[in-house]
Amino acid sequence: AVDVDEWLEAAFMPAGPSFGSLPAALRPLQEQTWSFRVLVDVRAWAGRLLTSRSFGTITEALSLRRRVQAARLRGWDALRAAWAECMSQRSSSDAPGVGGSCRLARLDANRAAVLQRNIEARRRRAAVQQDRLCRSVEGRLGRLVPRLEKQLGHLVPCVGHSHSPGMASAPESVCSQQRG
């Protein structure tokens, strides 16, 4: 299997080490001046893609890519810390004060917005599930009540005993028969 990082280094490093036999069509890549950026997909955490500063060599970009990939496996906090470190290492072409902290604040705001959307989505799903459960229980009770009424319908309350409103009391002779 081809190691993508090694292949990229071989293809983009001027007079760099050859990775196997670099296809002839790719050899002109080594003669050009390139700049590289690392893109990190954090849409699941922060709803966006991150773009690194520009790097003058493929080796620098791949080094950051490896650090970010390793951090990503450890979760959001590790990834954010690795990204903050990357942003603090300005290239010499960056103007002083160009805002890594401002970009990090926007990233944190995006993260908070994604978390809030996730919470709201979970609440909506829970409400829908609760509504379905309530309708299901109401339906079962609606079917059960007539069956219970039918089963209990042969029982007639006796005089002097508690009974449901609207139900007539049975004559005392029936009550005495039931007691006896």
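**Terms and criteria**

Modeller: At a relative accessibility of 43%, L148 counts as partly exposed. The model is predicted, so local features need pLDDT of at least 70 and side-chain atom pairs count only at pLDDT 80 or more, while totals for chains, interfaces and linings use all residues. Residues are numbered from 1 along each chain as its sequence is written, and side-chain values use heavy atoms, with hydrogens and water left out.

Biologist: Why is L148 called partly exposed?

Modeller: Buried means under 20% relative accessible area, exposed means over 50%, and partly exposed lies in between (1.4 Å probe, protein chains only). L148 has 43%, and therefore counts as partly exposed. L148 is found in helix α5, residues 100-152; helices are DSSP runs of H or I with at least four residues, strands are E runs of at least two, and both are numbered from the N terminus.

Biologist: What makes the nonpolar surface patch that includes L148?

Modeller: L133, V137, L141, L144, L148 and L152 make this patch, of about 500 Å². Patch residues have over 30% relative accessible area and no salt bridge; like charges are joined within 9 Å, and nonpolar side chains (Val, Leu, Ile, Met, Phe, Trp, Tyr) within 5 Å. A salt bridge is a side-chain nitrogen of Lys or Arg within 4 Å of a carboxyl oxygen of Asp or Glu. Areas come from the Shrake-Rupley method with a 1.4 Å probe; for residues, only the protein chains shown count as cover.

Biologist: Why is P28 called partly exposed?

Modeller: The relative accessible area of P28 is 39%, so P28 is partly exposed. P28 is found in the loop between α1 and β1 (39-41).

Biologist: Which residues touch the most other members of the largest nonpolar core?

Modeller: They are V40, V42, L64, W83 and L107, in a core of 23 residues. α4 supplies the largest share, 6 residues. Such a core is a set of buried Ala, Val, Leu, Ile, Met, Phe, Trp, Tyr and Cys residues joined through side-chain atoms within 4.5 Å. Leaving aside residues up to four places away in sequence, L107 touches V42, A46, R48, L50, W76 and W83; contact means heavy atoms within 4.5 Å.

Biologist: What is the mean pLDDT of the protein chain?

Modeller: The mean is 78, and 72% of the residues reach 70 or more; pLDDT is the predictor's confidence in each residue, from 0 to 100. Over residues 176-180 the pLDDT is below 50. Where pLDDT is low, the predicted coordinates should not be read in detail.
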